[in-house]
Amino acid sequence: MKRARIGMPTPSATRLGITAAGHRFVAETHAGAPRTVAAFMALLPYRQKLIHVRWSGEAVWVPLGDFDLGVGFENHTCYPSAGDILFYPGGHSETELLVAYGACSFASRMGPLAGNHFLTVVEGRERLAALGHKVLWEGAQDIVFEAME
């Protein structure tokens, strides 16, 4: 299977705008997680707070407690790349969204976790580390996911 180059639209992918801590990103949906994508798209516009991860490395996350998106595992991974956005449906740890900005091994205090890779940042990737550092040093930041025209 051919992968699209970073920044190039993937056929049939939906694009979302993401604004976080003064940074703007564009992400594309991942075809390998159709149930997660559909359920998340129904929430748009989606507003939350980002905090820095504790055990996973270079990533920020949105803790969602016992929130149920109504999906199980699909296209899940423990090792997201910078720009990958995962949805963890809960189980061993609380439900969450994870945004990797560098080296990341998704985990909780209970051990390794795997989340559904459902979005990939395709524009603004060069600003992901700045986002992560701002959240690390300045604390919780707003994040908004919106449908693009």
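Which residues line the largest cavity? The legends below take up this point together with ring pairs and salt bridges in a predicted model.

**Figure 1. Lining of the largest cavity.** The residues around this space are Ile18, Ala20, Phe25, Ile85, Val99, Val121, Leu128, Leu131 and Ile143. Strand S1 contributes at least two residues to the lining, and so does helix H2 (128-138). Sorted by class, the lining comprises 9 nonpolar residues, with no polar and no charged ones. The largest cavity holds about 50 Å³ of space. Searching the whole structure gives 1 cavity of 30 Å³ or more.

**Figure 2. Charged end of Arg127 over the ring of Phe25.** Phe25 is one of the lining residues of the largest cavity. The charged end of Arg127 sits over the Phe25 ring, at 5.7 Å from the ring centre.

**Figure 3. Aromatic pair of Phe40 and Phe118.** The structure has 6 aromatic pairs. In the pair shown, the rings of Phe40 and Phe118 are edge-to-face, with 5.0 Å from centre to centre and 65° between the planes. Phe40 belongs to helix H1 (residues 34-41) and Phe118 to strand S10 (residues 115-123), so this pair ties together parts that are 78 residues apart in sequence. Phe40 and Phe118 are both buried.

**Figure 4. Aromatic pair of Phe40 and Phe145.** Phe40 also pairs edge-to-face with Phe145; here the centres are 5.1 Å apart and the planes make an angle of 90°. Because Phe40 lies in helix H1 and Phe145 in strand S11 (residues 141-147), the pair ties together parts that are 105 residues apart in sequence. Phe145 is buried, as is Phe40. Ring pairs join Phe40, Phe118, Phe145 and Tyr46 into a cluster.

**Figure 5. Salt bridge between Arg15 and Glu28.** The count of salt bridges in the structure is 7. In the one shown here, the closest N and O atoms of Arg15 and Glu28 are 3.5 Å apart. Arg15 is in strand S1 (residues 15-20) and Glu28 in strand S2 (residues 23-29); the two residues are 13 residues apart, and their pair links distant parts of the chain. Glu28 has a relative accessible area of 3%, so it is buried. Arg15, at 23% relative accessibility, counts as partly exposed.

**Figure 6. Salt bridge between Glu123 and Arg15.** The side chain of Arg15 also meets that of Glu123 in a salt bridge, at 2.9 Å from N to O. Glu123 lies in strand S10 and Arg15 in strand S1, so the pair ties together parts that are 108 residues apart in sequence. Glu123 counts as partly exposed because its relative accessibility is 35%.

**Figure 7. Salt bridge between Glu74 and Arg35.** The side chains of these residues meet with an N to O distance of 3.5 Å. Glu74 is in the loop between strand S4 (57-63) and strand S5 (76-77), while Arg35 is in helix H1; the pair, 39 residues apart, links distant parts of the chain. Glu74 is buried, its relative accessible area being 9%. Arg35 is partly exposed, with a value of 46% for its relative accessible area.

Conventions
Residues numbered from 1 in each chain as written. Predicted model: local features only at pLDDT ≥ 70, side-chain atom pairs only at ≥ 80, totals over all residues. Heavy atoms only, no water. Phe/Tyr/Trp six-rings, centres within 6.5 Å; stacked < 30°, edge-to-face > 60°. Helix = DSSP H or I, 4+ residues; strand = E, 2+ residues; numbered from the N terminus. Buried < 20%, exposed > 50% of the residue type's maximum accessible area, 1.4 Å probe, protein only. Lys NZ or Arg CZ within 6 Å of the ring centre and 35° of its normal. Salt bridge = Lys/Arg side-chain N within 4 Å of Asp/Glu carboxyl O. 1 Å grid on protein atoms, 1.4 Å probe; cavity = no way out; pocket = protein on both sides within 12 Å on 5 of 7 lines; lining within 4 Å. Points joined across faces, edges and corners; volume = space filled by probe spheres on them. Nonpolar A, V, L, I, M, F, W, Y, C, P; charged D, E, K, R; others polar.
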